[in-house]
Amino acid sequence: MRAFDFSPLYRSTVGFDQLQSLLDSVTRDASQPTYPPYNIERLGESDYRITMAVAGFAEKDLSIEVKQNVLTISGKRTEPEAANYLYQGIAGRSFERRFQLADHVEVKGAHLENGLLHVDLVRQIPEQMKPRQIEISTAAPTQKTIEGNLAAAE
């Protein structure tokens, strides 16, 4: 495994402390589960979709939770007691998938269609964080002076 030195990056940036720990956790955990398979697609400038193959799971078997910029999708399917399989090729085991979300990414909605769970995400940057143009004035700022009768104040 490779170790990356991020110290040159930290010399010229402020507030990216979590970046190193996020990259370390991704490279460290090579044994991440591969079930169920999923796609992440970009639908537009600020719209994304996670599509997960959850064949055999009903809406009541699935759970979607967002907590502290982590999207967790989990599924737990109960097998019918009377099932007597001669061959079982359709995986129905429980799962839990976690996705690290960037700041200002919110879950817009989710729907289940033809065995695929679609989770729609949108990135909404607040107005105060959007770039804005600052006017440059050529005149010096005017200084206000307080005028009054000093004798009347005493």
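**Exercise 1. The open sheet**

In what order do the strands of the open sheet of 3 strands stand, and is their pairing parallel or antiparallel?

*Solution.* Keep in mind as you work that this is a predicted model.
- Step 1: Read across the sheet. The order is β3-β4-β5, and the pairing is antiparallel.
- Step 2: Look at the edges. β3 (62–67) and β5 (95–100) stand there with a single partner strand each, so one side of each has no neighbour in the sheet.
- Step 3: Check the angle. Ignoring direction, neighbouring strands of this sheet are turned by 15° against each other on average.
- Step 4: Follow one pair in detail. β4 (residues 70–75) and β5 are joined in the antiparallel sense over 6 bridges.

As background, strands of a sheet pair through backbone hydrogen bonds, either parallel or antiparallel.

**Exercise 2. The whole chain**

Find how many helices and strands the chain has, and write down their pattern along the sequence.

*Solution.* 
- Step 1: Count the elements. There are 3 helices and 7 strands.
- Step 2: The pattern is α-α-β-β-β-β-β-β-β-α.
- Step 3: Turn to burial. The chain has 154 residues, and 19% of them count as buried.
- Step 4: Consider the surface. The accessible surface comes to about 13000 Å², and 51% of it belongs to carbon and sulfur atoms.
- Step 5: See how contacts span the sequence. Among contacts between residues at least 6 apart, 51% join residues at least 24 apart.

**Exercise 3. Strand β7 and its partners**

Work out over how many bridges β7 pairs with β6 and with β2.

*Solution.* 
- Step 1: Start with β6 (residues 105–113). This strand pairs with β7 in the antiparallel sense over 8 bridges. Val-105 has Arg-123 as its bridge partner in β7, while His-111 has His-118.
- Step 2: Visit the turn. β6 and β7 form a hairpin with 2 residues between them, and Asn-114 in the turn has a positive phi of about 55°.
- Step 3: Move to β2. β2 and β7 also pair in the antiparallel sense, over 7 bridges. Here Thr-51 has His-118 as its bridge partner in β7.
- Step 4: Ask about cover. Of the 8 residues of β7, 6 are buried, so the strand is largely enclosed by the rest of the structure.

**Exercise 4. The nonpolar core**

Which residues have the most contacts inside the largest nonpolar core?

*Solution.* 
- Step 1: Identify the core. It has 15 residues, and Leu-71, Ile-73 and Phe-95 have the most contacts inside it.
- Step 2: Trace the suppliers. β2 (47–53), β4, β5 and β7 (116–123) each supply at least two residues of this core. β7 gives the most, with 3 residues.
- Step 3: Zoom in on Leu-71. Beyond its neighbours within four places in sequence, its contacts include Ile-50, Ile-64, Val-66, Phe-99, Val-119 and Leu-121.

In soluble globular proteins, nonpolar side chains tend to be buried together.

**Exercise 5. Ser-74**

Decide whether Ser-74 is buried or exposed.

*Solution.* 
- Step 1: Locate the residue. Ser-74 sits in strand β4.
- Step 2: Compare with the cut-off. Buried means under 20% relative accessible area. Ser-74 has 18%, so Ser-74 is buried.
- Step 3: List what Ser-74 touches. Not counting residues up to four places away in sequence, these are Asp-61, Leu-62, Ser-63, Phe-95 and Glu-96.

Methods:
Residues are numbered from 1 along each chain as its sequence is written. This is a predicted model: local features need pLDDT of at least 70, side-chain atom pairs count only at pLDDT 80 or more; totals for chains, interfaces and linings use all residues. Side-chain values use heavy atoms; hydrogens and water are left out. Two strands pair if DSSP finds at least two bridges between them. Helices (H or I, at least four residues) and strands (E, at least two) are DSSP runs, numbered from the N terminus. Axes are lines fitted to C-alpha atoms, for helices over the stretch in contact, and angles run from 0 to 180 degrees between N-to-C directions. A nonpolar core is a set of buried Ala, Val, Leu, Ile, Met, Phe, Trp, Tyr and Cys residues joined through side-chain atoms within 4.5 Å. Buried means under 20% relative accessible area, exposed over 50%, partly exposed in between (1.4 Å probe, protein chains only). Contact means heavy atoms within 4.5 Å. Accessible areas come from the Shrake-Rupley method with a 1.4 Å probe; for residues, only the protein chains shown count as cover.
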